Each structure stands twice: as structure tokens, then as C-alpha cells.
Amino acid sequence: MKRIAIRNLRLCTKDCLCLYVCPTGASDTEDSIIDTSKCIGCGSCSDACPSGAISLVPAEYPAQQRKSEKVMDVMEKLAASKASEEKIASMLSADESAPNLKRLLKALKQSARLSAEDIMREGGYMLPQSGNSLSLLSRLADEPSQGFPKEAAKELLSSIRCNDGGYEPPSAMYKCERCFTEFESSSGDKAVCPMCGAEGNHLKPI
Amino acid sequence: MKYICQICGYVYDEETEGVPFGELPDNWTCPMCKAPKNMFLPEDAEEEERKKPDMEIPELQDMERLPPGVLAALFSNLAKGAEKQYQSHQEKLFREIAAYYEAAVPEIPDADISLLMKIAERNISLYGEAMETARRDGDRGAMRALTWGGKIQKIITSILSQYEKEGESALENVDIWVCTICGFIYTGENPPAICPVCKVPSWKFSKVV
């Protein structure tokens with residue numbers, strides 16, 4: 001399984017051994033975030049790091065734990081109720097003039113959101129690349145409510161590859177203007193002409 | 001006799017503490033996590049509490065399956081999932097969608113503290129119901145989230161009822177901290193060394209200002 005290195009900035013003490021041992025320079029970046037496009041997953045950096053700040057994660061995440069319908073059901077119901085808690089705390093804190101109650105309401109709003117996030121994480125929506133997450137996003141983008149950030153959704157759907165077979169990106173037809181071949185390409189992949197290898201501007205969606 | 005804190009598991013042993021639990025003042029709080037006295041149960045009753053059958057759950061009316069508030073939390077959680085994978089651009093896009101749904105949550109009529117209290121109390125039973133389902137399924141992940149959330153829900157109701165009783169003085173000259181991992185709420189000068197619910201270190205707490 002291909003792996004890539006990630007650095008925990010909280011633990012990094014800049015002993016910089018990773019720079020010395022990295023064969024591709026992936027760990028030497030101006031923002032301290034390892035360049036995943038250069039990382040070959042050899043693990044030299046995490047072996048060498050004296051502060052245990054670098055770990056290796058799979059390049060492609062495994063499918064998340066399957067959830068039963070019943071669990072998803074109760075989790076959604078609970079999350080909806082936590083969301084009401086969040087909304088009420090948020091509405092009340094905006095208008096509250098008593099300073100201590102205002103702080104308490106803000107704390108309740110934050111807390112309710114964190115709990116609702118955790119409930120949905122364990123209610124079947126842990127990873128962005130799961131079929132559950134992507135097909136939900138695609139349903140919402142297909143029939144967008146007013147003002148829905150459609151571009152953001154489209155970009156996510158085309159850049160995240162599903163890891164459990166639960167979501168198939170719709171395919172699109174292209175015509176190659178170099179060799180006039182017409183072909184089908186999954187919208188999750190970068191379109192490349194199967195005949196002449198042309199990409200980008202040479203291809204027109206039809 | 002031993003009494004156990006339902007939030008952090010602190011054991012109050014009457015023998016070693018020297019003061020019978022019943023004689024502690026009403027405003028006594030857990031030395032570990034500041035949970036109020038009524039969050040403690042006698043050691044043997046704790047087992048009973050765990051075995052208690054499902055409570056009667058009030059019906060939630062007209063509940064959409066995934067209302068905007070749930071979608072807001074679902075997508076802000078996916079933003080965190082992208083962030084952990086160092087996909088900062090995807091994180092930004094998920095946050096944009098989460099913010100859209102947060103703004104789309106309809107105003108709740110007659111919102112006031114007592115409605116907030118009622119919903120917080122209802123959530124305690126919803127946590128109980130969900131826990132039974134997760135346990136029957138052997139879903140450890142869901143049980144983990146529900147254990148944390150259920151404890152936090154109890155703390156929320158006790159802080160709210162304390163405020164209802166004492167008003168502003170309940171929180172005078174004291175900071176309010178939220179654990180940024182699990183949502184545990186703590187009042188005190190400094191955050192606890194570790195979160196009593198999810199066990200993260202104190203720097204994971206943020207002060208509410």
C-alpha cells in the first residue's frame with residue numbers, strides 16, 4: 001500500500017533530520033507541510049525524527065466502517081435535535097446583554113456543533129471520500145436549494161475519488177479536436193484522448 | 001460506600017475522604033471535573049443505571065431526515081476530515097457548504113432559555129435511546145461518540161439549571177472553556193490538565209470570550 005508522510009507541527013522541534021534523510025526533498029517546504037506530490041512513502045523521515053512528529057498514512061484511505069440503517073437513523077434524529085440546541089443557543093447569544101449568560105450560550109453553541117459533528121461522523125459520514133458523503137453531496141448539488149454553493153460541490157465531486165465503490169461520478173462525452181475522436185470519460189478522471197493522448201484545450205465536451 | 005462521578009469516573013470513597021457523601025454541601029462539585037453533586041451515583045446504583053430499559057421518548061414532529069442544521073454539522077465534520085488529510089482546499093470548500101447550511105437553518109419561534117433546557121433534557125433521553133441501538137449493533141464507534149455526547153449533555157443541563165437558579169452570579173469571575181475535540185464545557189480559572197470526557201490535554205480547550 002502506498003503511504004505518505006505527514007508532520008504534526010505541534011510536535012515538530014525543527015531538528016530537521018527529515019531534511020537530511022528525505023531522498024526527494026518532500027519534507028523541505030516553506031510552510032512545514034510535507035509535499036505529498038513528492039513524497040514516495042519510504043518512511044526514512046518518520047524513522048529519523050527524534051520528536052515523533054512524522055507519521056505515515058495510506059495514500060488511499062480504506063473504506064470506513066459500515067453503519068446499519070438503524071444506527072444511521074437514531075444518529076440523524078439525535079443530530080437534528082442537537083442542531084436545534086445549537087440554533088437556539090446561537091439566536092439567544094446574539095441578543096443577550098447579560099455578559100455571563102452570553103458567554104455560556106456561546107459555549108453551548110460551540111459544544112452542540114462539536115457533538116453534532118461527532119454524531120454524524122459515527123452516523124456514516126466520517127470520510128470525505130466515502131460513498132455516503134459523495135452521493136449525498138451529489139444529490140444536494142443536483143437539486144440545489146437557492147444560493148447553494150454549486151461550484152464548491154462540483155469541485156469536490158470531481159477532485160475526491162470515492163474509496164468504497166459507493167459513488168460513481170457521472171461520465172461525460174468529449175470530442176478531440178486534434179484527431180476528431182469522440183470518447184467517454186469519467187468526470188472523476190482527467191480527460192485524455194484515447195487515440196492521440198491530447199488533453200486540456202484540445203478536448204471539447206459534447 | 002463509594003460514589004462515582006457519571007462524567008469523569010472520579011470515585012468518592014467515604015472511607016478515605018472521611019465525610020459521608022450525604023453530608024457534603026449541595027454546591028459541592030467533583031474535584032476532578034466540577035460536575036455537580038447530583039452527577040454522582042452510589043457504586044452499586046451505577047450498574048442499575050446502566051441496565052435501565054429505554055425511556056419513553058417524546059415524538060419529534062415533522063423532523064426532516066437531514067435538516068439544514070444537520071447538514072451544517074455533517075459538512076463541517078467533512079471539512080475536518082479533509083483538514084486531517086492535509087487537503088486544505090477541500091477543507092475550504094466543505095466549510096463553504098457548511099456555512100451555507102448554517103445560514104439556512106430557520107429561526108426557532110419562542111426560543112428562550114427554558115426551551116433550550118427542555119431540548120437539552122430531551123437530548124439526554126435521545127442519547128440513551130441511540131446508545132441502546134448502537135449497543136445492540138455492537139457499533140463501538142457510535143457507542144464512543146454517544147458516551148462522550150451523553151456525558152456532555154448532562155453537564156449542559158446541570159450548568160443551565162445552575163444558571164436558572166443563581167443567574168449571572170453562577171458564572172461571575174470564572175472563565176468558560178470548551179474542549180475543541182468533544183465539546184465538554186468546563187468552568188474555572190484554567191482548563192483541566194486532561195479533558196474528563198475525551199482525555200485530550202488542556203491546550204485543546206478554548207476559552208469562550
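Predicted model: local features only at pLDDT ≥ 70, side-chain atom pairs only at ≥ 80, totals over all residues.
Buried here denotes a residue with under 20% relative accessible area.

**Helix 5 of chain A**

By that criterion, the buried residues in helix 5 of chain A are A:Gly131, A:Ser133, A:Leu134, A:Ser135, A:Leu136, A:Leu137, A:Ser138, A:Leu140 and A:Ala141. The helix is thus mostly covered, with 9 of its 12 residues buried. Its cover comes from both chains: the buried residues pack against helix 6 (150-159) of chain A and, in chain B, against helix 3 (68-84) and helix 4 (88-104).

**Nonpolar cores**

The largest nonpolar core has 53 residues, and the members that touch the most others are A:Leu104, A:Leu108, B:Ile7, B:Leu160, B:Phe184 and B:Cys195. Elements giving two or more residues to this core are, in chain A, helix 3 (69-95) and helix 4 (99-122). In chain B they are strand 1 (2-5), helix 5 (113-137), helix 6 (140-166), strand 4 (175-179) and strand 5 (185-188). Another core, of 46 residues, lies apart from it and includes A:Ala79, A:Phe148, A:Ile160 and B:Leu74.

For B:Phe184, the contacts beyond four places in sequence are B:Ile7, B:Cys33, B:Ile152, B:Ile155, B:Trp177, B:Val178, B:Cys179, B:Cys195, B:Pro196, B:Val197 and B:Phe205. Two of these partners, B:Ile7 and B:Cys195, are also listed with B:Phe184 among the core members that touch the most others.

A:Ser81 belongs to helix 3 of chain A. With a relative accessible area of 0%, A:Ser81 is buried, since the limit for that class is under 20%. Residues of chain B touch A:Ser81, namely B:Ile119, B:Arg122, B:Asn123 and B:Leu126, when neighbours up to four places away in sequence are not counted.

A:Lys106 is placed in helix 4 of chain A. Leaving aside neighbours within four places in sequence, A:Lys106 is in contact with A:Ser93 as well as with B:Val208 and B:Val209. A:Lys106 and A:Ala89 are separated by 17 residues in sequence, while their C-alpha atoms are 6.8 Å apart.

**Partly exposed residues**

| Residue | Location | Relative accessible area |
|---|---|---|
| A:Val21 | helix 1 (residues 17-21) of chain A | 33% |
| A:Lys106 | helix 4 of chain A | 30% |
| B:Lys34 | loop between helix 1 (14-17) and strand 3 (40-42) of chain B | 36% |
| B:Lys199 | loop between strand 5 and strand 6 (205-207) of chain B | 47% |

A:Val21 takes part in a nonpolar surface patch of about 360 Å², together with A:Leu17, A:Leu19 and A:Tyr20.

The backbone of B:Lys34 has a positive phi of about 70°, although the residue is not a glycine. B:Lys199, likewise not a glycine, also has a positive phi of about 70°.

Definitions and conventions
Residues numbered from 1 in each chain as written. Chains lettered and ligands numbered in written order. Heavy atoms only, no water. Buried < 20%, exposed > 50% of the residue type's maximum accessible area, 1.4 Å probe, protein only. Helix = DSSP H or I, 4+ residues; strand = E, 2+ residues; numbered from the N terminus. Contact = heavy atoms within 4.5 Å. Patch = residues over 30% accessible without salt bridge, like charges linked within 9 Å, V, L, I, M, F, W, Y side chains within 5 Å. Areas by Shrake-Rupley, 256 points an atom, 1.4 Å probe, with all protein chains shown as cover. Salt bridge = Lys/Arg side-chain N within 4 Å of Asp/Glu carboxyl O. Core = buried A, V, L, I, M, F, W, Y, C linked by side-chain atoms within 4.5 Å.
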